[in-house]
Structure formats: C-alpha cells, structure tokens
Amino acid sequence: MKCALMSDYEVTLVNDSMQDSTETPFADGIWKIHVELPDQYPFKSPSIGFMNKIFHPNIDELSGSVCLDVINQTWSPMFDMINIFEVFLPQLLRYPNPSDPLNGEAAALLMRHPKEYEQRVKEYVQRYATKEAANKNTGEEEDEDAEMSEVGSISEPGE
C-alpha cells in the first residue's frame, strides 16, 4: 500500500535566538509539499517533493525532489512528519548544501555569486511561492489531490 498525501502544512522559517537575524531569501515563500508514504513507513523514509517551483541547490527544479541526507540516507523510525515540516525542510531552506546538488545551476550560482543566487531565489518566491501563485500553479491538481485523500483511493492488497 502506498499513500500519497498533499500537505497544506505551512513550512515556516522560525527566527530563533541562536541564528543571526538576517532573513533567508525563502522566508516569504508559501510551499506546497507532496508526501508519499511507502508501505514500510515509518521504517522507510517518505518521498518528499516541492510542488511549486523553487530555486535551490538541493531541490530538483523540474520534479521538486528533495536531496536531504536525513530523509534519503539516515532516516530513523523515530522521525515523524512533524520533524520533516518543522525541522528538516526549514533547515534545508536555511542552509543549502551546494556541494551535493540536485540543481547544478543553483549550486554554482550560490558558490560563485551568492548575491545573484539570493536575487534569483527571491524572483522564484515572487513568481511561484506567493499564496496566489502556489494555488494557481497547482490548481489543476486539486481534483486529483481530493481523490488521493479519500480512503477509497488507497489500494488494498489483492486489488
């Protein structure tokens, strides 16, 4: 049994006292996240992807797939969805890792021209991650998402 979820859980970047007060260029974005739970969840990690476009070294621009060690390699059954939305994804946005990229262009720009990278991120946020843009860009999929959330859409063994 595979279960696909569409989450309206808001990924926010909390400005805690241990961080400097400078904002990340992703701070004003509203992100729609696709979550797919494998049969072996929580013993196997979920598949996580951004549904709206994002310019980030560790996120594939076309598919939205996320490259994050804690999800892809060091997952533990002790982690849950709250960890993903409140810790892992905000940290990924706050601390991109250009040395292990899924988006080579974003990684190169971040390493060579950080100000240009920040400007490009802000352009993507304005274009794809405002509330209006996020709803517009994923609007065609709303019917499909409603189907996925119905109990009857989860296939049982032997079907």
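Me: In what order do the elements of the protein run from the N terminus on?
Reply: Helices (H or I, at least four residues) and strands (E, at least two) are DSSP runs, numbered from the N terminus. Here the order is β-β-β-α-α-α-α-α-α, that is, three strands and six helices. The model is predicted, so local features need pLDDT of at least 70 and side-chain atom pairs count only at pLDDT 80 or more, while totals for chains, interfaces and linings use all residues. Residues are numbered from 1 along each chain as its sequence is written, and side-chain values use heavy atoms, with hydrogens and water left out.

Me: Which strand does E2 pair with, and in which sense, parallel or antiparallel?
Reply: Two strands pair if DSSP finds at least two bridges between them. E2 pairs with strand E3 (residues 47-50) in the antiparallel sense, over four bridges.

Me: Which residues of strand E2 are on the covered face, and which on the uncovered one?
Reply: For single residues, buried means under 20% relative accessible area, exposed over 50%, and partly exposed in between (1.4 Å probe, protein chains only). In E2 (residues 33-37), Ile33, Val35 and Leu37 form the covered face, and His34 and Glu36 the uncovered one. Over the protein, buried residues make up 39% of the 159 residues.

Me: Which residues have the most contacts inside the largest nonpolar core?
Reply: In soluble globular proteins, nonpolar side chains tend to be buried together. A nonpolar core is a set of buried Ala, Val, Leu, Ile, Met, Phe, Trp, Tyr and Cys residues joined through side-chain atoms within 4.5 Å. The largest one here has 31 residues, and those with the most contacts inside it are Trp31, Ile33, Ile48, Phe50, Leu89 and Tyr117. E2, E3, helix H1 (69-72), helix H2 (81-94), H3 and H4 each give two or more residues to this core. H2 supplies the largest share, seven residues.

Me: What percentage of contacts between residues at least 6 apart in sequence join residues at least 24 apart?
Reply: A contact means heavy atoms within 4.5 Å. In this protein the value is 65%.

Me: How many salt bridges does a search of the whole structure find?
Reply: A salt bridge is a side-chain nitrogen of Lys or Arg within 4 Å of a carboxyl oxygen of Asp or Glu. The search finds two. In one, the side chains of Glu105 and Arg120 meet at 2.9 Å, N to O. This pair links distant parts of the chain, with Glu105 in helix H3 (residues 104-112) and Arg120 in helix H4 (residues 114-128), 15 residues apart. Glu105 counts as partly exposed at 45% relative accessibility, as does Arg120 at 24%. Lys122 and Glu118 form a salt bridge at 3.3 Å, N to O. Both lie in H4, four residues apart, about one turn of the helix. Lys122 is partly exposed at 37%, and Glu118 at 28%.

Me: How many aromatic pairs does the structure hold?
Reply: A pair of aromatic rings is described by the distance of the centres and the angle of the planes. Rings of Phe, Tyr and Trp (its six-membered ring) pair if their centres lie within 6.5 Å; planes under 30 degrees apart count as stacked, over 60 as edge-to-face and the rest as tilted. The structure holds eight such pairs. Among them is the tilted pair of Phe55 and Tyr124, 5.3 Å centre to centre with 45° between the planes. Phe55 is in the loop between E3 and H1 and Tyr124 in helix H4, 69 residues apart. Phe55 is buried at 1% relative accessible area, and Tyr124 also counts as buried, at 13%. Ring pairs also link Tyr41, Trp75, Phe79 and Phe88 into a cluster.
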